[in-house]
Amino acid sequence: MDAAQQESTARARELQRSWYGEPLGALFRRLIDDLGLNQARLAAVLGLSAPMLSQLMSGQRAKIGNPAVVQRVQSLQDLAAQVCDGSVSAGEATDRMDEIKKSQGGSVLTGTGQTTNSSGAPTVRRVVREIQSLLRSVAAAGDIIDAAAALAPTQPELAEFLRVYGAGRTSEAVAHYEAHQN
């Protein structure tokens, strides 16, 4: 790989970190390990071609262009966490992956399926990820930061919201969400 390709790959991974919280290669490898998948099966569940998955993992491509695929990634992350904590068995995970594969990426705010906690309410992390996904599907992180800077003098709270949810890490957005509830 020449210097220009290395620079392009590094930039793509940095964009992925800002949009998805980490480079997609690391995220997808963790899903593969946690859910016992191979790359072909992961691509199929997400609704991506195997070459597209490979390009995203290697940093040849930065962005997942389809918001439904982004939501499937988030659903798989939630499922992987449930498998790791033992609340979902391997058999149940396989069934859930089939459901995720068929999903069109509907809104978490409808409060259905694995997007809810035991009381039936959407989980904070899931709501936050839905907000992040929506913002990131309409603008790149740099554009969101620019918009936040333009709003900051007159609308500092709105500017902070855009920065945190549009370009920040999920953990920061969860903390912001929790701090602003009630």
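A crossing of two helices is called right-handed if the near helix is turned clockwise from the far one by less than a right angle, and left-handed if it is turned anticlockwise. This term is needed at the first stop of the tour. Please note that the model on display is predicted.

**First stop: helix 5 and helix 7**

Select residues 67-84, which form helix 5, and then residues 124-138, which form helix 7. The axes of these two helices lie 10 Å apart, and the packing angle is about 155°. Angles over 145 degrees count as roughly antiparallel, and helix 5 and helix 7 are therefore roughly antiparallel to each other. The crossing of helix 5 with helix 7 is right-handed.

Next, display the side chains at this contact. On helix 5, select P67, V70, Q71, Q74, S75, Q77 and D78; on helix 7, select R126, R129, E130, S133 and S137. Colouring these residues by class will show two nonpolar, six polar and four charged residues in the contact of helix 5 with helix 7.

**Second stop: T170**

Keep R129 of helix 7 in view and select T170, which belongs to helix 10. Is T170 buried or exposed? Its relative accessible area is 8%, and the limit for a buried residue is under 20%, so T170 is buried. Apart from neighbours within four places in sequence, the residues in contact with T170 are R125, V128, R129 and Q132.

Now select residues 156-167 for helix 9 and residues 170-179 for helix 10. Their axes come within 8 Å and cross at roughly 140°. This angle makes helix 9 oblique to helix 10.

Which residues meet here? From helix 9, select E160, F161, V164 and Y165; from helix 10, select E172, A173, H176 and Y177. By class, the contact of helix 9 with helix 10 consists of five nonpolar, one polar and two charged residues.

The structure holds two aromatic pairs. To see one of them, select W19 and Y20, whose ring centres are 6.2 Å apart.

Finally, consider how accessible the two partners are. W19 has a relative accessibility of 8% and therefore counts as buried. Y20, at 13% relative accessibility, also counts as buried.

Technical notes: Residues numbered from 1 in each chain as written. Predicted model: local features only at pLDDT ≥ 70, side-chain atom pairs only at ≥ 80, totals over all residues. Heavy atoms only, no water. Axes fitted to C-alpha atoms, helices over the stretch in contact; angles between N-to-C directions. Helix = DSSP H or I, 4+ residues; strand = E, 2+ residues; numbered from the N terminus. Parallel < 35°, antiparallel > 145°, perpendicular 65-115°, else oblique. Contact = heavy atoms within 4.5 Å. Nonpolar A, V, L, I, M, F, W, Y, C, P; charged D, E, K, R; others polar. Phe/Tyr/Trp six-rings, centres within 6.5 Å; stacked < 30°, edge-to-face > 60°. Buried < 20%, exposed > 50% of the residue type's maximum accessible area, 1.4 Å probe, protein only.
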